[in-house]
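I opened the model to check a few local features. My notes follow in the order of looking.

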Amino acid sequence: RDPRTAWWTEARFGMFIHWGLYALPAQGEWIMYAQKTPVCEYEQLAQQFNPTEFDAKAWVSLAKDAGMRYIVITAKHHDGFTMYHSKADPFNIVDSTPFNRDPMKELAEACREADIVLCFYYSHVIDWHHPHAVHKEHNNTWDYKLEEKRFTEYWEGKAKPQIKELLTEYGWVGLLWFDTAGGLSEEDSKDIVEHVRSLQPDCVINSRVSHYMGMGDYVSKGDNEIGMSGEDTRPWETPMTLNLSWGYTTRDQIWKTADVLIQKLVHVIGKGGNLLLNVGPTPQGTIPERSAERLREVGEWTHRNAEA
Ligand code: JFZ
């Protein structure tokens with residue numbers, strides 16, 4: 001049994017949080033790419049982003065009530081905007097919005113108090129804001145020319161310094177959740193793993209850090225996909241949505257019922273996996289009431305059965 005992943009395999013159930021500027025247009029976290037929004041236009045969202053209703057303690061206690069033991073939040077998603085105070089790039093919530101608070105700092109504090117493990121999602125390959133980020137397919141080709149990209153400038157100038165900030169300014173980080181590694185070389189994947197290990201040797205890394213087999217401490221399944229296949233014996237996790245999208249949207253109102261969620265939870269855990277269940281907070285900084293309601297229902301069921 002691996003001491004690094006021990007807390008995580010015991011935790012079983014976590015809260016995924018997709019929160020960023022994309023909450024404002026309210027059509028999911030891929031909106032910039034879908035609409036080919038120019039960087040200068042997308043940046044204007046930051047000036048309107050002021051989530052004054054954000055309450056870290058309320059989010060953490062909702063996770064706790066639901067029976068969750070860890071939180072994975074989008075410190076940076078594909079739009080390149082960081083939801084914490086980054087010194088490496090001013091396109092972040094403290095330097096570019098009127099909000100003037102670092103919600104990751106507040107969450108780190110609230111998690112420590114409540115004994116919930118804080119983890120960060122970091123989009124290490126896709127970054128539509130940075131001129132030199134390179135992905136296999138999903139690049140910002142409306143602002144930047146592929147042939148003019150110098151990947152090292154992104155890698156050494158933004159991705160690695162920002163990962164370092166996350167691993168040095170927020171206390172112990174339980175897990176770094178990487179994603180969409182298409183096009184990243186084996187060498188660069190190893191580079192990022194070593195980078196994380198050198199800063200926080202106990203930090204768990206998910207398999208999406210790389211497209212090369214066997215990297216990372218556990219396997220992230222496809223969305224809503226349950227169970228292991230093949231020969232991989234690593235622990236695994238199913239990321240799941242409550243509705244049909246990750247980021248906040250007003251369009252998608254197809255919600256899984258509490259019964260279905262409880263069945264999924266039992267199914268995943270029964271097969272030995274972890275369930276990472278997503279919420280997409282609003283631009284005001286609140287978890288949509290429909291989502292909160294569902295999570296509390298799941299929690300009531302879990303707590304009832306834990307006592308019995
Ligand atoms: C990625 C992101 O592009 C998406 O915005 C979200 O953050 C999600 C959790 O992860 O999308 C994926 C990546 C991999 C799979 C599905 C969606 N997959 O392997 O099935």
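How many bridges join E1 to strand E2? I counted four, and the two strands run parallel. E2 covers residues 70–76, and within the pairing Ile17 stands opposite Ile73. I took two strands as paired if DSSP finds at least two bridges between them. Helices (H or I, at least four residues) and strands (E, at least two) are DSSP runs, numbered from the N terminus.

Before going on, I noted that this is a predicted model, in which local features need pLDDT of at least 70 and side-chain atom pairs count only at pLDDT 80 or more, while totals for chains, interfaces and linings use all residues. Residues are numbered from 1 along each chain as its sequence is written, and side-chain values use heavy atoms, with hydrogens and water left out.

Entry on strand E1.
I then looked at the other partner, strand E8 (residues 274–279), which pairs with E1 in the parallel sense over five bridges. The bridge partner of Gly14 in E8 is Leu276. For burial I used relative accessible area: buried is under 20%, exposed over 50%, partly exposed in between (1.4 Å probe, protein chains only). E1 spans residues 13–17, and five of its five residues are buried. One side carries Phe13, Met15 and Ile17, the other Gly14 and Phe16, and both faces are covered.

I checked phi next, since most residues other than glycine have a negative value. Arg12 has a positive phi, near 70°. Arg12 sits in the loop between helix H1 (6–11) and E1, and I list it as partly exposed because its relative accessibility is 28%. Ala26 also has a positive phi, of about 60°. Ala26 belongs to the loop between E1 and helix H2 (31–35); with 5% relative accessibility, it counts as buried.

Entry on H7 and H8.
I looked up the axes of helix H7 (residues 151–168) and helix H8 (residues 186–199), which come within 10 Å and cross at roughly 25°. Axes are lines fitted to C-alpha atoms, for helices over the stretch in contact, and angles run from 0 to 180 degrees between N-to-C directions. The angle therefore makes H7 roughly parallel to H8; the classes are under 35 degrees roughly parallel, over 145 roughly antiparallel, 65 to 115 roughly perpendicular, and the rest oblique. The contact (heavy atoms within 4.5 Å) includes Phe151, Trp155 and Ile163 of H7 and Ile192, His195 and Leu199 of H8. I sorted its residues into seven nonpolar, two polar and five charged. Here Ala, Val, Leu, Ile, Met, Phe, Trp, Tyr, Cys and Pro count as nonpolar, Asp, Glu, Lys and Arg as charged, and the others, Gly among them, as polar.

Entry on H5 and H6.
How do helix H5 (residues 56–66) and helix H6 (residues 103–114) cross, and at roughly what angle? Their axes come within 8 Å and cross at roughly 45°, so H5 and H6 are oblique to each other. Among the residues in contact are Trp59 and Val60 of H5 and Leu107 and Cys111 of H6. The contact residues divide into seven nonpolar, no polar and four charged.

Entry on Thr257.
I found Thr257 in the loop between strand E7 (236–241) and helix H9 (258–270). Thr257 has a relative accessible area of 38% and is partly exposed. From Thr257 to Leu242 the C-alpha to C-alpha distance is 8.4 Å, at 15 residues apart in sequence.
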